[in-house]
Each structure stands twice: as C-alpha cells, then as structure tokens.
Amino acid sequence: MTADSAPFIFPHRHLLSIEGLSPDDITALLDRAEGYIEQNRQGDKKQSLLRGRTIVNLFFEESTRTRTSFELAGKRLGGDTINMAAQTSSIKKGETLLDTAITLNAMHPDVLVVRHSESGAVQLLAEKVDCAVINAGDGMHEHPTQALLDALTIRLRKGRLQGLTVAICGDVAHSRVARSNLLLLGTMGARVRLVAPRTLLPAAVDRLGVEVYTDMEQGLKDADIVMMLRLQLERMQGSFVPSLREYFHFFGLDYKKLAVAKPDALIMHPGPMNRGVEIDTEVADDINRSAIRQQVELGVAVRMAVLEGLGQQPRNN
Amino acid sequence: MTTRTLFINARLLDPASNRDGRGEILTNDGVIVALGEKLSRDGAEIIDCGGHCLAPGLVDMRAQLREPGDEHQETMATAGLAAAAGGITTVVALPNTDPVIDEQALVEFIARRSRDVGLTRIRTYASTTKGLRGKELTEMGLLSSAGALAFTDGLKAVADPLVMRRALSYATNFDLLIIQHPEEPRLAEGGAMTAGEISTRLGLPAISPIAEVMMIERDLRLVEITGARYHAAHVSTAEAIDVIRRAKTRGLKVTCDTAPPYFALNETAVGDYRTFAKVSPPLRSEDDRRAVVEGLADGTIDAIASDHAPQDQESKRVPFTSAASGIVGLETMLPLALELYHNSQVPLLRLLGALSQRPAEILRLPAGKLAEGMPADFTVFDLDTPWRIAVDAFHSKCRNSPFDGRPVQGRVLRTVVAGKTIYTADKA
C-alpha cells in the first residue's frame, strides 16, 4: 500500500483537457499516480477506494490500449467497470450522441470514460450528464491522460519537467496527443519544440508557445526528450506527405538523427508504432533510450489517480 | 374602390434620395402616391408612426426558406412571418431546396406560395446548374421569364472554371446576374471553422481564409472576358473585399453582400465548440471582421443579407464537425446592422441603403425607395430603445442563433407591404 490513505479529490468536475489545468492540478495527479506504480507491481493489486462505484468506458472509436488501461485502472481501485463499444451499442442504430448520454445518465454511473472521433464531442456529452467525465481522446483536440502519463514517465526518468527541452515530432496537425502534451509541458515549464513537415503542422501553431522546426537535426539538437507521433497511413492519400519512404528519410527517428540530441535523451511514443515509418525498430527497442514500454505501464497508474480523483466526488443525484 | 393610407408623424429615411426628416407618406392601391408634410387626409386611413423611423422595406437578397422539401425546418408561412417581423418586405430564396429550383414550374410554385401566404414578398433564385451539380446550365432564359431573379448554386460554388465561364457568358445574352458562393471547395473540404490559433487549439479541421479570395479572383478574370454581371455572396475576408474594391475601380460589373455574423461576430464566438456559431463561410478573424465593417462604410460591400439558415436541434446538437452550418437571420438582421450605426461606424442612410435600395438595384426590383410610384413597402422601426434578442420569441420554426440574449437597439414596429400592414410589434 503506497497511496496515501487520505482521499484524493481532484478539484475539477471532469477531466476534459489539459487546457485549464494549473501546475498544482497536474502535480497533484502525478504525485498520486506515482504512488500507484509500486502497487501495480505487487501480486495483490486490488484496492477498494472505488467500491460500489460504476465506471463506464464508452468508446466510439477503436482502441485497445487506452480502453484496457482504463479498465484495469478501474478494477484495481475496486470499481465496477463496464465497456461499451460503438459497434455493439445502439449508436450504430442511429442513436445520437446526446441520446446515448441521456440513456447512460439514467443508469447513474459515477464516471464516464469517453473516446470519440470528433473534437469537442466529449465535452458536449459532459454537458448532458450528472457524473464525472474523462476524455480518453476526442478527435484532433486532446488526450489528457496520455499527456499525464508521458509527464509521469519523464519525471521518473529525468527527475523533473521544468527546464527540459522536449521535441514532439511528426503529425502534429492531426494529433490530440501533441496538443495535450505541448499544453501540459508548457504549463510545467518545459521548452517544447515541434518538428514536422509544414503539411503536418496546424495553422498558427507558433502562437501556442512552442518553437517550430521542419528539420529533425535542428529540432532534435540538445533535446532531453524526443517524443514521436504516429503517422496515420492514410495521410499519403491526402497529399500530406508523398511516401512513407520519404517521410522516414526526413522525419523518421533513427540513430543518425538522434545523435544530435543529448546523449541521455529519452525516446517516447504514444503507440501504436509504425516501425520503419516514424521510428526505426532498433531505436524503438533500445532498452537504454526508449521509454515506450514504461509509458504503457505508467498509463495504468495515471488512470488510477484520475479515476480516484474524479470517482470519489460526492454525488448530487 | 381605392384604399388610401396616410402614414403620419414619421421620420422618413430614404437612402436613394438622401432624405432624412419628418414627414408623411400617402399610399393608394399599394403604391406610394405622395410624400411630404401636411398631406391631404381625405378618405385616408391614418396611421400614426409615433415619431419613429419609416424606411423602405428591407430587401433580403439571401435566405434559405426550406420549402419545398424541409418543411419541418421552415415553411413559406413561417418564413414570411419571420421576415415580416424583421422588417423585410421582399426576401429572395436560395434554390437549394428539395427539389432544387431549376425548372420553371418550381419558380412558379414559389410565386404561388408567396401569394397564398400573403405576407412578405417571397421571390426566388434559380440554380445556375441543373440539380446544383455544377455541370450543366439551367434554362436561364426561360427561368428568368418565369420570375427567377438571378442564378446561383446556393451554398455550393460553381467550381469548374469552364462551367463558370459558360454560365457567365450565357447570362450576358439576357443580361442576367450570376451569384457565386465564393469558396474554393477543395480548400474548404471537410473544414469546420476558419484556420487560425483557435482552430488549432480546438483541434477542428480548418478552412484557409484564402479559399474565398481565390475563387473571387478567378471569377473576376472570367467576368472580365465575358462582361457578365457577377455578385459575390457573403464576403467575409479582408483580402476578398480588397479585391472587389479594386475590381469596382476598374469598372467591372461586380457587386457583393455580407451578412450580420460577419460584422457582428468573429471566430472567437465558436468558443467551446458552439455549433450555433458554425456558418459557411466560417466566422473569421477580428481583422477580417473589421474589414467587413470598413467595406460597408465605404460602399465596397453593396448589401447586407440575412443569410437565414434555419436548422433544427438535431442538426446542431451534435459534435461541431458534424453540425450543420447556418444561423437564423430574418428577425435579427435589422438590429444587428444598426449596431454599426450606433457604434458610429456606418452612417444610417448608407446602412439602410445596404438593406433595401442596393439589393433592389442589384436584383432590378421595384423596391427599396420612398418615391412616388414605388410599391408601398416599408418598415417602421424604433431606432433607439434597447432590447434583448430572444430566440423564444422568433416566428421562424428554428432557434439556431448565437445572438440569443444580445442587447441591441432598433426594433421593428410595423411592416407594410403594398400599403397593407402585415406585421405590428406587440405593444409591451
């Protein structure tokens, strides 16, 4: 038992975005999550903090990794976790998002964990339900728990976030992971660089308090952290990039490009990886440099902290 | 039998003659027969305007009325009432109904429905291309004879440059007007709001503002070689307004309009995914909004249209990218436009001209002027008293307005079509 026995209450009703969180909010979540890491490595992982609480995972978009991570997190806290996938629910039958929200709300869940392919959809749903809502990724907007687990990984490996240089590389334009990460890291005092071809950078991105590069060797120079983003393979059809070969040549992470980063630079990837597209296999599997597996491990701890912080809020219904 | 009506105690505002002063106006059989002071009262019904403004009835050159096809969103009857409540005496419908207005019988249908409803005069455009498909031209000559005021593919740009060239060229045979939705469709594809910091923060697919000026610049080349009359709908960007300003200086037969969202709001209205602020073209930056105001002040922008686009709740209570575009506008056009007068940005007569005289001239309608012999279409409004827009009081079937609760000045008190009062505000 490593987590404090004092109840951890997150001071917001929902977790919809990193935008709007203070450094104290973020630090409190990371501290709490850190306490769960040891527990998750024990034989008996189960707690009873959320006993009697119902957590519904509502995924309108395919996801194995994030859904499983939330499911484990909920179960380890003793909560009742139910998975609803769009494929098996009435959403396929033409029910609207808000109809779904109203139906679920009538079942009095305590936490809804929601993923949706459209930006803002999770917030829309949160406005219509009485329980806490966690954004597990909405369109190209945010994926706050991913940014939190990335921050926890960095903090464990580097001891801090403040003052680190973090290069976020690849398809920034379509990435909710990039948005949440640049907001969180910026809030915590890290220097954030974005490295991507112009076609994969969104409009006015320089106004988000980041440095923008279109060359990997310049962008990675003296970086403490190199965070790679997944390239959706359909981006070729949209003429964002001409070919996987060209993309890998200029923007894929290999040892040659990594050589300009700090010698102890940490490599991260939110998964699932396209080996040989945005990241070279050897680099991805480099046990000394890559934190990719640790990211997955810490994902469960972070989601436990988030579920604990939101799932124990007093209900008013 | 004659029906004489004398409107007394009014502040007569006529943009065409620059008239702004107290006076009376006498109508007979639906036509203005005299303007002035101390007119003869013989046998006339007398209507006291209470010292309020009396201006030409507003001519709204772009609205979606949803009939035929989407009567659950709006009908000629509800739109006619909403338009009347908005001080509009002529409204022109876009042809993007179901079926599309691309045949004479459908133009005649609109005329017949307008007569049946008997409120605001409802006219229509016909589509430039059959079925709005952007490929084959409609029978412009016949459609025009049937009453179509101009030709437009509504919310769709005529994207194919060859089709646009032929449309403009063919239109010159009959001296017809082509109205373009000026947006390069490939640059706008899938976009939900204008490109910028806010679209990036919200993670919304964005439309580059150059999509507008690019289409207008292409069209102006075609206007130059065909000599056609061309009108750009709802201009919203500084670049587009600038290009039109220069084209007018060069003497091209080009006109344009805008709609209240483009001078009353900017992209920040999208806020946290407010679907009521989703419009096409999208709300732009503050710099663009200021350019729209400037364009109205210097006359580069000829007209203000309501851009009325009723959408039911199911179309708006969905995630932002899936939500339908559009704002209901018939009942808020006048007070929102008058903000520009109250902010000392556009003189009153120029503003009223953009709402009546200029669109009437562009569409060659006998309207928009207070003059003897003109149809007696006017609106009486209280210029100053503040009030709040309340969507629940709308006569339109839909409530999709981001202006709910907005404090405004300028309220329609009475709307008159052909000398007959079709609307009076409830006396509070």
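This note sets out points on the sheets, selected residues and salt bridges of a predicted model.

1. Sheet of chain A. Four strands of chain A make up an open sheet with parallel pairing, in the order β2-β1-β3-β4. Its edges are β2, residues 80-85, and β4, residues 132-138, each of which pairs on one side only. Direction ignored, neighbouring strands of this sheet are turned against each other by 15° on average.

2. Pairing and cover of β1(A). Strand β1 of chain A spans residues 54-59 and pairs with β2(A) in the parallel sense, over six bridges. Within this pairing, Phe59(A) has Ala85(A) of β2(A) as its bridge partner. Helix α2 of chain A, residues 65-76, lies across β1, β2, β3 (111-116) and β4 of that chain. The angle at which α2(A) runs to β1(A) is about 180°.

3. Sheet of chain B. In chain B, an open sheet of three strands has the order β6-β7-β8, and the pairing is parallel. The edge strands, β6 (58-63) and β8 (121-124), each pair on one side only. Strands β6(B) and β7(B), the latter covering residues 88-93, run parallel and are joined by four bridges. Asp60(B) stands opposite Val91(B) of β7(B).

4. Surroundings of Gln312(A). Gln312(A) is located in the segment that follows helix α11 (292-311) of chain A. Its relative accessible area is 16%, and Gln312(A) is therefore buried, the cut-off being under 20%. Leaving aside residues up to four places away in sequence, Gln312(A) touches Pro7(A), Phe8(A), Ile9(A), Leu49(A), Leu50(A), Arg53(A) and Leu307(A).

5. Nonpolar patch on chain B. Leu187(B), Ile210(B) and Met214(B) make a nonpolar surface patch of about 240 Å². Of these residues, Leu187(B) belongs to helix α5 (residues 185-188) of chain B. Leu187(B) counts as partly exposed because its relative accessibility is 35%.

6. Salt bridges in chain A. Over all chains, the structure holds 41 salt bridges. One of the pairs is Glu308(A) with Arg32(A), whose side chains meet at 2.6 Å, N to O. Glu308(A) lies in helix α11 and Arg32(A) in helix α1 (residues 23-41) of chain A, so this pair ties together parts 276 residues apart in sequence. Both Glu308(A) and Arg32(A) are buried. Another salt bridge joins Lys256(A) to Glu217(A), with 3.4 Å between the closest N and O atoms. This pair links helix α9 (residues 255-258), which holds Lys256(A), to helix α7 (residues 216-219), which holds Glu217(A), 39 residues apart. Lys256(A) is exposed at 62% relative accessibility, whereas Glu217(A) is partly exposed at 35%.

7. A buried pair in chain B. Arg62(B) and Asp307(B) form a salt bridge in which the closest N and O atoms are 2.8 Å apart. Arg62(B) is in strand β6 and Asp307(B) in the loop between β15 (303-304) and α11 (313-316) of chain B, so the pair ties together parts 245 residues apart in sequence. Arg62(B) is buried, with a relative accessible area of 4%. Asp307(B) also counts as buried, at 13% relative accessibility.

8. Network involving chains A and B. A network of salt bridges links Glu19(A) and Arg207(A) with Glu197(B) and Arg201(B).

Key. Residues numbered from 1 in each chain as written. Chains lettered and ligands numbered in written order. Predicted model: local features only at pLDDT ≥ 70, side-chain atom pairs only at ≥ 80, totals over all residues. Heavy atoms only, no water. Pairing = 2+ DSSP bridges. Helix = DSSP H or I, 4+ residues; strand = E, 2+ residues; numbered from the N terminus. Axes fitted to C-alpha atoms, helices over the stretch in contact; angles between N-to-C directions. Contact = heavy atoms within 4.5 Å. Buried < 20%, exposed > 50% of the residue type's maximum accessible area, 1.4 Å probe, protein only. Patch = residues over 30% accessible without salt bridge, like charges linked within 9 Å, V, L, I, M, F, W, Y side chains within 5 Å. Areas by Shrake-Rupley, 256 points an atom, 1.4 Å probe, with all protein chains shown as cover. Salt bridge = Lys/Arg side-chain N within 4 Å of Asp/Glu carboxyl O.
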